[in-house]
Amino acid sequence: MTSIGSKILVPLNRFSLGYAQALLKDIKPADFARQPKGIDTNHPAFVFGHLAIYPDRLLEMLGRADLARPDAHYVDLFAAGKPCTDDPQGKIYPEMEQIVARFNTRYEALNPVLAEIPNEVFEGVNPNEKHRDRFPTLGMFTAFLVGSHIMMHMGQVSAWRRCMGLPSAM
C-alpha cells in the first residue's frame with residue numbers, strides 16, 4: 001500500500017516549492033526585503049524566512065527531531081506575529097541567497113521523511129493543540145504546512161511582485 005506521505009504529501013510539497021521558485025524570478029536581491037512604497041505588506045524575505053521555520057517544527061512532530069535544524073535567529077525574526085519591516089540597507093534580514101537556501105533545504109529535508117511515515121502516524125491526533133480544532137489529525141496539519149500555508153504566503157509574494165512593478169511569474 002502506498003503511503004499518504006509518498007502519494008499525496010511529497011507531491012504537494014514539491015508543487016508548493018515549484019511555485020515558490022517561480023515567484024523568485026526577476027526579484028533582485030536588493031529588493032528582496034523591501035516593502036512597496038506606502039504599502040504595508042510582507043516582502044519576500046519575510047515570507048520565505050517565515051516559511052523556513054516550519055519544516056523543522058514538522059520534523060519534530062513527525063518524530064524525526066534528529067533531522068530538525070531549528071535556527072533561533074530565524075524564529076526570532078520570522079515567527080508568526082513578528083513584524084515585517086522594510087529593510088532598505090539590508091541590516092535586519094539575512095541575504096536573499098541565504099533565506100532561499102534555508103527555505104529550500106528545510107522543505108526538501110521533509111520529502112524522504114514524509115514518504116516513509118506510516119499512514120497510522122498521519123491519522124493520529126495533531127500534537128499542535130493550537131491548531132487541532134482546524135486540523136485534528138497530524139496528516140491534515142502536515143498537508144496544511146506543505147500545501148496551503150506555503151501557497152497562502154506565496155500569494156503575498158505574488159501581490160508584492162505586482163506592487164514592485166514585476167510581471168506575472170507565470
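I started at M154, which touches Y19, A20, L23, V47, F48, L51 and F103, leaving out residues up to four places away in sequence. Here I take contact to mean heavy atoms within 4.5 Å.

Before going on, I noted that this is a predicted model, where local features need pLDDT of at least 70 and side-chain atom pairs count only at pLDDT 80 or more, while totals for chains, interfaces and linings use all residues. Residues are numbered from 1 along each chain as its sequence is written, and side-chain values use heavy atoms, with hydrogens and water left out.

**Core**

Next I looked up the largest nonpolar core, which has 49 residues. Such a core is a set of buried Ala, Val, Leu, Ile, Met, Phe, Trp, Tyr and Cys residues joined through side-chain atoms within 4.5 Å. Buried is under 20% relative accessible area, exposed is over 50%, and partly exposed lies in between (1.4 Å probe, protein chains only). Which members touch the most others? I found F32, F48, F103 and M154. At least two core residues come from each of α1 (4–23), α2 (44–51), α3 (54–61), α4 (72–78), α5 and α7. The largest share, nine residues, is supplied by α7. My helix names follow DSSP runs numbered from the N terminus (helices are H or I, at least four residues; strands are E, at least two).

**α5 against α7**

I then took the helix pairs one at a time. Two packed helices are described by the angle between their axes and the distance between the axes. The axes are lines fitted to C-alpha atoms, for helices over the stretch in contact, and angles run from 0 to 180 degrees between N-to-C directions. For α5 (residues 96–116) and α7 (residues 138–163), the axes come within 12 Å and cross at roughly 155 degrees. The two are therefore roughly antiparallel. My cut-offs: under 35 degrees is roughly parallel, over 145 roughly antiparallel, 65 to 115 roughly perpendicular, and the rest oblique. The crossing of α5 past α7 is left-handed, a label used if the near helix is turned anticlockwise from the far one by less than a right angle, with clockwise being right-handed.

On the α5 side I listed F103, Y107, L110 and L114, which meet T142, L145, V146, I150 and M154 of α7. By class, that contact has eight nonpolar residues, one polar and no charged. I count Ala, Val, Leu, Ile, Met, Phe, Trp, Tyr, Cys and Pro as nonpolar, Asp, Glu, Lys and Arg as charged, and the others, Gly among them, as polar.

**α1 against α5**

The axes of α1 and α5 come within 9 Å and cross at roughly 165 degrees. That makes this pair roughly antiparallel. Again I noted a left-handed crossing, α1 past α5. Residues of α1 in this contact include L9, N13, R14 and L17, and those of α5 include F103, N104, Y107 and E108.

**α3 against α5**

Are α3 and α5 roughly parallel or roughly antiparallel? Their axes come within 8 Å and cross at roughly 25 degrees, so I wrote down roughly parallel. The crossing of α3 past α5 is left-handed. Y54, P55, D56, L58 and L59 in α3 meet R102, R106, Y107, A109, L110 and V113 in α5. I got eight nonpolar, no polar and three charged residues for this contact.

I also checked burial in α3, where Y54, P55, D56, L58 and L59 are buried. Their cover includes α2, α5 and α7. After α3 comes G63, with a positive phi near 80 degrees.

Most residues other than glycine have a negative phi. D26 has a positive one, near 75 degrees. I placed D26 in the loop between α1 and α2, and at 44% relative accessibility D26 is partly exposed.

D71 sits in the loop between α3 and α4. With a relative accessible area of 25%, D71 is partly exposed. I looked up its C-alpha distance to D56, 15 residues away along the chain, and got 9.0 Å.

Last, I went to M140 in helix α7. M140 is partly exposed, at 40% relative accessibility. Leaving aside neighbours within four places in sequence, M140 is in contact with R134 and F135.
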